[in-house]
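I opened this notebook to keep a record of what I looked up in the structure, entry by entry. Each entry takes up one part of it and notes what I found there.

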Amino acid sequence: MTKDECRKVVLDIIADIAPDEDLSNVKPDVRLRDQLQLDSMDFLDIVMELRKRHGIEVPEADYQQLASLDSAAEYLTPKFNALAAKS
Amino acid sequence: MKPARIVITGVGLTAPNGNNLTEFRGNLLQGVAGIERIDVRYMGSQLAGVCHYDPLKYQKKKEVRVGTRAGSISIYCAREALADSGINLETLAKDRTGIYVGCTEHGNVETENEIHAISKFNYDTKFWSHYHNPRTVANNPAGEASLNLGITGPAYTIGAACAAGNLGLIHATQMLRLGEVDLAICGGVSESIHTFGIFAGFKSQNALATHADPHKASRPFDLARNGIVISEGGCLYTLERLDDAQRRGAKIYAEIAGYHVNSDASDYVLPNPIRQAECIRASIARAGLTPQEIHLVNTHATATPLGDIQECEAIRAVFGVGCPDTYINNTKSFIGHAMGAAGALELAGNLPTFTDLTVHPTINVDNLDPQCALPGLVLNQPRKVAKVDTFLNNSFGMLGINSTLIVKRFVP
């Protein structure tokens, strides 16, 4: 998985958990909370959907890695690739 | 000191056959029921009353996703009631407004959904939703309305089985009289059609209706009745003290005349006509009326073989002789049993009787059960009547809770 693909995965999840938001201009290097109406429960949703849909675990200590699309892709892409390598 | 006079100034509702009072009343007068078939988890096709209001009229998509159906129904009904009352939400004293929502049950739907969801993950609870607790707390349906409307006064639910709709109004009346709030948004809601457990429970009690024609399935007082049609729905009112309502020039639907709540203390599920009659009599006494002065009785009857007979026994004991001006009807024959919303919805369906002097009928009575043959029962066709100044609404529930609410034509 590339980082671009990873950003798309995260964005797809956000589209479901924040269906009122316009995601067409999300800036990848800006904190998601600074450009979208997302609260702490929404971030738990992102964590839950990564777990449910993709089998990816994000420990609580790493939640800040999901702050922006770029930081999320930086953090998650190796996890996706490690998972793919295992299967 | 006489207690403050309390009046109904706004109505918001969603029923299986109407999403506002005009639609609902129109269908009750035209004999239009609202029962359909739905797919119930583990049980397949079942009869149910389904509401078709637009949740996005007052909620964001995210609110609908995160919240519960009962919360959504509360929000819709509360917003509709406020709009109907003419109260401006922007200038409303939100800390002096209470939300009192009657519920038969809450949390079954959300818990069943979560268990179903984790069943796909070998019941590993790490897949259990973090929304489970806010969705299932008993105050959820009132709390969601408070969040949506920005109401900062007391907002909670009243658990009273299927008497809950009446209890919402009764509790609001009490809180207004105590001066706890200046405006009450009150009534009842139900999301019960989304839980298989309620269907399965009634089925195990042999109390779930079946019929080839959905619209004929809910048939209180008919000899061929065979149980309850479960429905969702909601109805919330704005209640105010009369002087407040008059000060702002409010439209007044009716005045709360009397009420009573008691308990059978005799069985988990079987009704007790002696206690029901006591409840009816006590409400009439509190209203300062006699049975002869009650012009319309809306029955709780749910179309169970025994329950209908027992309520008729209670009504006969109170109104049996010497009440030629008392008419009797039933709204569940149109919309099924809307559980926690039932009392509030059925009250709304009959409120316009004060102005159109037409009693909506009990439909689906092809062969009247002789044990339910009450004088004054309005069967199958609406009836024009000379006078309706008072209306008594029965709502009873499991664990033997009985509630009777009387409203009267508003006379300044």
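**Entry 1: chain A as a whole**

I note at the outset that this is a predicted model, and I read every value that follows as computed from it. I looked up the secondary structure of chain A and found four helices and zero strands, which along the sequence read as the pattern α-α-α-α. The radius of gyration of chain A is 12 Å, close to the 12 Å that the globule rule gives for 87 residues, so I recorded chain A as being as compact as a globular protein of that length. Taken along the principal axes, the C-alpha atoms of chain A fill a box of roughly 35 × 25 × 20 Å.

I then looked up burial, and 20% of the 87 residues of chain A count as buried. For the contacts in chain A with a separation of 6 or more, I found that 58% are accounted for by residues 24 or more positions apart.

**Entry 2: two helices of chain A**

How do the axes of helix α1 and helix α4 of chain A cross? I found that the axes of α1 (residues 3–17) and α4 (residues 69–86) of chain A come within 8 Å and cross at roughly 110°. Since an angle of 65 to 115 degrees counts as roughly perpendicular, that makes α1(A) roughly perpendicular to α4(A).

On the side of α1(A), I listed Lys3(A), Cys6(A), Arg7(A), Val10(A) and Leu11(A) as making the contact. The residues of α4(A) in this contact are Leu69(A), Ala72(A), Ala73(A), Glu74(A), Leu76(A), Thr77(A) and Phe80(A). By class, I counted eight nonpolar, one polar and three charged residues in the contact of α1(A) with α4(A).

**Entry 3: where chain A touches chain B**

I looked up the contact of the two chains next, and it takes eight residues from chain A and eight residues from chain B. The residues on the side of chain B that touches chain A divide into two nonpolar, one polar and five charged.

**Entry 4: the domains of chain B**

I found chain B divided into domain 1 (6–247) and domain 2 (258–408), and the C-alpha centres of these two domains of chain B lie 21 Å apart. Their contact takes 57 residues from domain 1 of chain B and 53 residues from domain 2 of chain B.

Which elements of chain B give two or more residues to the side of domain 1 that touches domain 2? I noted β1 (6–14), α1 (21–30), β4 (97–103), α7 (164–178), β6 (183–190), β7 (230–231) and β8 (233–241) of chain B. The largest share of that side, eight residues, comes from α7(B). By class, the side of domain 1 of chain B that touches domain 2 of chain B has 30 nonpolar, 21 polar and six charged residues.

**Entry 5: a helix and a residue that are buried**

I looked up helix α13 (residues 342–350) of chain B and found nine of its nine residues buried, so this helix is largely enclosed by the rest of the structure. The buried residues of α13(B) include Glu346(B) and Asn350(B).

I then turned to Ala70(B), which lies in helix α3 (residues 69–85) of chain B. With 31 C-beta neighbours inside 10 Å, Ala70(B) counts as buried, because 20 or more are needed for that class. Leaving aside its neighbours within four places in sequence, Ala70(B) is in contact with Cys103(B), His106(B), Asn140(B), Pro141(B), Val189(B), Ser190(B) and Glu191(B). From Ala70(B) to Cys103(B) I noted 33 residues in sequence and 9.0 Å in space, C-alpha to C-alpha.

Entry 6: The C-alpha atoms of Ala117(B) and Glu191(B), 74 residues apart along the chain, are separated by 19 Å.

Is Tyr123(B) buried or exposed? Tyr123(B), found in the loop between α4 and α5 (132–136) of chain B, counts as exposed with 10 C-beta neighbours inside 10 Å. Its phi is near 55°, a positive value in a residue other than glycine.

I also noted Asn380(B), in the loop between β12 (358–359) and β13 (383–384) of chain B, where phi is near 65°, again a positive value in a residue other than glycine. Asn380(B) is partly exposed, with 13 other C-beta atoms within 10 Å.

Definitions and conventions: Residues numbered from 1 in each chain as written. Chains lettered and ligands numbered in written order. Predicted model: local features only at pLDDT ≥ 70, side-chain atom pairs only at ≥ 80, totals over all residues. Axes fitted to C-alpha atoms, helices over the stretch in contact; angles between N-to-C directions. Parallel < 35°, antiparallel > 145°, perpendicular 65-115°, else oblique. Contact = placed C-beta atoms within 7 Å. Nonpolar A, V, L, I, M, F, W, Y, C, P; charged D, E, K, R; others polar. Rg over C-alpha atoms; globule rule 2.2 N^0.38 Å. Buried ≥ 20, exposed ≤ 12 C-beta atoms within 10 Å, placed from the backbone. Domains from an automatic or database assignment.
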